[in-house]
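Me: I would like to learn how to read a protein model, one feature at a time. Could we go through it together, with the general idea before each case?

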Amino acid sequence: MNKQTTLNPEVTQALSRGAVIDITTTGRQSGQPRRIEIVYHPIEGGIYISGMPGFPRGWLANLDANPHFTFHLKGPVKADLPATARIIRDEAERRKYLAPIAKTWKRNDLDVMVKESPLIEVTLESAAA
């Protein structure tokens with residue numbers, strides 16, 4: 001998580017646990033909002049979003065075209081947080097962050113995940129909640 005972002009304690013606590021969230025990206029061709037459900041992972045003080053390997057992702061292509069999106073906490077704590085994505089392409093960095101995600105998902109194909117899974121680092125832009 002961006003160290004300079006100040007969030008209320010409930011949001012900070014919610015972000016400390018991985019959970020199912022929604023993200024809203026901007027369609028790279030349509031320009032329209034695109035909302036999907038996805039899981040985030042708090043790792044070493046950062047927030048990461050990944051997915052299973054094996055097929056292209058519209059949300060990733062949208063973030064490649066426009067890295068600004070909304071990170072929607074849902075469940076007991078609700079918040080719509082403006083965020084920026086950094087697509088992680090470096091193999092060593094991908095391995096570092098995908099290893100704990102693979103463990104959480106009980107997967108034993110880390111090499112495949114490093115090669116094919118989407119992976120972004122999330123930076124929260126403000127304390128809006």
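Me: Among contacts in the protein between residues at least 6 apart in sequence, what percentage join residues at least 24 apart?

Reply: A contact means heavy atoms within 4.5 Å. Among contacts between residues at least 6 apart in sequence, 62% join residues at least 24 apart. Please keep in mind that this is a predicted model, in which local features need pLDDT of at least 70, side-chain atom pairs count only at pLDDT 80 or more, and totals for chains, interfaces and linings use all residues. Residues are numbered from 1 along each chain as its sequence is written, and side-chain values use heavy atoms, with hydrogens and water left out.

Me: How many helices and strands does the secondary structure come to?

Reply: Helices (H or I, at least four residues) and strands (E, at least two) are DSSP runs, numbered from the N terminus. Here there are four helices and six strands, and from the N terminus on they run α-β-β-β-α-β-β-α-α-β.

Me: What share of the 129 residues is buried?

Reply: Buried means under 20% relative accessible area, with a 1.4 Å probe and protein chains only. Buried residues make up 40% of the 129 residues.

Me: Which residues of helix H2 are buried?

Reply: In H2, residues 58-65, they are Trp 59, Leu 60, Asn 62 and Leu 63. The arc is that of the directions from the helix axis to the C-beta atoms; these residues cover only 160° around the axis, which puts them on the same side of H2. What covers them includes strand E1 (19-26) and strand E6 (119-124).

Me: What does the C-alpha trace span along its principal axes?

Reply: The spans are about 35 × 35 × 25 Å.

Key
Buried means under 20% relative accessible area, exposed over 50%, partly exposed in between (1.4 Å probe, protein chains only).
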